[in-house]
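I set aside some time today to walk through this model and jot down what I looked up. Here are my notes, in the order I made them.

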Amino acid sequence: MSPPRPAGLRLTAAAALALAVTVALYAFGRIHAPDYASSLFGLRGNDANLLKAQVGTALLGLALYQLILALWMYRRLPGAGAAPRPVPLAHRIGGAVLFALSLPIAYHCITAYGVQTHSTRVALHSLAGCFFYGAFAAKVLLVRSRRLPAWALPLAGGTLFTLIAILWSSAALWQLAQP
C-alpha cells in the first residue's frame with residue numbers, strides 16, 4: 001500500500017482539527033456553569049438576545065455575500081463571467097469580518113448558556129455553534145493548501161454557510177419571531 005498523499009494528509013488534519021475544536025467547545029460548554037446574567041455590550045437577558053439576533057441576521061447576510069463571491073470565483077455564478085481580481089480579496093476580508101462579528105455572539109452564548117440539549121432547537125443551535133468554529137478552523141487550514149481535491153474548499157465553505165443558516169434559523173429567527 002502506498003503512503004498517503006500530502007493532500008490526503010491535509011484533509012485528514014483539517015478533519016481532525018475540526019473535530020478537536022468542536023469537541024473542546026462542546027466539553028467547555030457542558031462543564032461551564034451558565035451565567036444567565038451575562039451581558040453583551042452592556043445588554044442583558046432578552047435585550048442581549050435581541051442584539052444577538054440582529055447581529056446574527058447581519059452575519060447571515062454576510063454569509064450570503066460570501067457564498068455569492070465564492071460562486072463567482074469558481075465561475076458558478078450564472079451570467080457573471082470570470083471574477084475580477086478584487087473578488088478573492090473581498091472574499092477573504094468578508095470572511096475575516098464574519099468571523100470577528102461572530103465572536104461576541106459565541107462568547108455570550110457559551111458563557112451565558114453553555115451547551116444545552118433540553119430541546120431539539122437548542123441542542124441543534126448548541127451543536128451547530130460548536131461545529132461552526134471547528135469547520136472554520138479546518139477551512140483556514142485548507143485554504144492554504146495547494147494540492148487539494150477540487151471539492152475540498154467548496155465543501156468547507158458550503159459547510160460554513162449551512163452552519164450559519166442553521167445557527168440563524170435556530171436562534172435569530174426564533175428570537176425575532178417572538179411577540
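Predicted model: local features only at pLDDT ≥ 70, side-chain atom pairs only at ≥ 80, totals over all residues.

**A histidine and its partner**

I started with a side-chain pair: H125 and S170 are joined through their side chains by a polar contact of 2.9 Å. H125 sits in helix α4. Is H125 buried or exposed? I get a relative accessible area of 19%, so H125 counts as buried, the cut-off being under 20%. Leaving out residues up to four places away in sequence, I find H125 touching C109, L167, S170 and A171.

**Stepping back to the whole chain**

Next I wanted the overall layout. I count five helices and two strands in the protein. Read from the N terminus, the order of elements is α-β-β-α-α-α-α. The C-alpha trace spans about 50 × 45 × 25 Å along its principal axes. The protein has 179 residues, and 34% of them count as buried.

I then looked at how far along the sequence the contacts reach. Among contacts with a separation of 6 or more, 77% are between residues 24 or more positions apart. For the surface, I noted an accessible area of about 10700 Å², with 70% of that belonging to carbon and sulfur atoms.

**The largest pocket**

Pockets came next. The largest one has a volume of about 1100 Å³. It is lined by 33 residues, and those closest to its centre are M73, H91, K139, V143 and L153. Which elements give two or more residues to this lining? They are α2 (45–73), α3 (86–112), α4 (120–143) and α5 (152–176). Helix α5 provides the largest share, seven residues. I sorted the lining of the largest pocket by class and got 23 nonpolar, six polar and four charged residues.

**The second largest pocket**

The second largest pocket holds about 870 Å³ of space. Its lining has 34 residues, and the closest to the centre are K52, I105, C109, H125 and A171. I was pleased to meet H125 again here, and C109 and A171 are also on its contact list. The elements giving two or more residues to the lining of the second largest pocket are α2, α3, α4 and α5. By class, I find 21 nonpolar, eleven polar and two charged residues in that lining.

**A threonine in the N-terminal helix**

I turned to T22, which is found in helix α1 (residues 6–31). What does the side chain of T22 reach? It reaches the backbone oxygen of A18, at 2.7 Å. T22 has 15% relative accessibility and therefore counts as buried. Beyond four places in sequence, T22 touches C130, F131 and G134.

**The loop between α3 and α4**

V115 is located in the loop between α3 and α4. Its relative accessible area is 6%, so V115 is buried. I checked V115 against Y26: the two are 89 residues apart in sequence, yet their C-alpha atoms are 6.4 Å apart in space. Setting aside neighbours within four places, V115 is in contact with L25, Y26, G29, R30, S126 and C130. C130 is also one of the residues that T22 touches.

T117 is found in the loop between α3 and α4 as well. Here I read 43% relative accessibility, so T117 counts as partly exposed. T117 touches R30 and A123, not counting residues up to four places away. I also noted that the C-alpha atoms of T117 and L127, ten residues apart along the chain, are separated by 8.9 Å.

**Two positive phi values**

Last, I went through the backbone angles. Most residues other than glycine have a negative phi. F41 has a positive phi, near 55°. F41 lies in the loop between β1 (39–40) and β2 (43–44). With a relative accessible area of 64%, F41 is exposed, because exposed means over 50%.

R75 also has a positive phi, near 55°. Where is R75 placed? I find R75 in the loop between α2 and α3. R75 is exposed too, with a relative accessible area of 60%.

Definitions and conventions
Residues numbered from 1 in each chain as written. Heavy atoms only, no water. 1 Å grid on protein atoms, 1.4 Å probe; cavity = no way out; pocket = protein on both sides within 12 Å on 5 of 7 lines; lining within 4 Å. Points joined across faces, edges and corners; volume = space filled by probe spheres on them. Helix = DSSP H or I, 4+ residues; strand = E, 2+ residues; numbered from the N terminus. Nonpolar A, V, L, I, M, F, W, Y, C, P; charged D, E, K, R; others polar. Buried < 20%, exposed > 50% of the residue type's maximum accessible area, 1.4 Å probe, protein only. Polar contact = N/O pair within 3.5 Å; in protein donor to acceptor, adjacent residues only side chain to side chain. Contact = heavy atoms within 4.5 Å. Areas by Shrake-Rupley, 256 points an atom, 1.4 Å probe, with all protein chains shown as cover.
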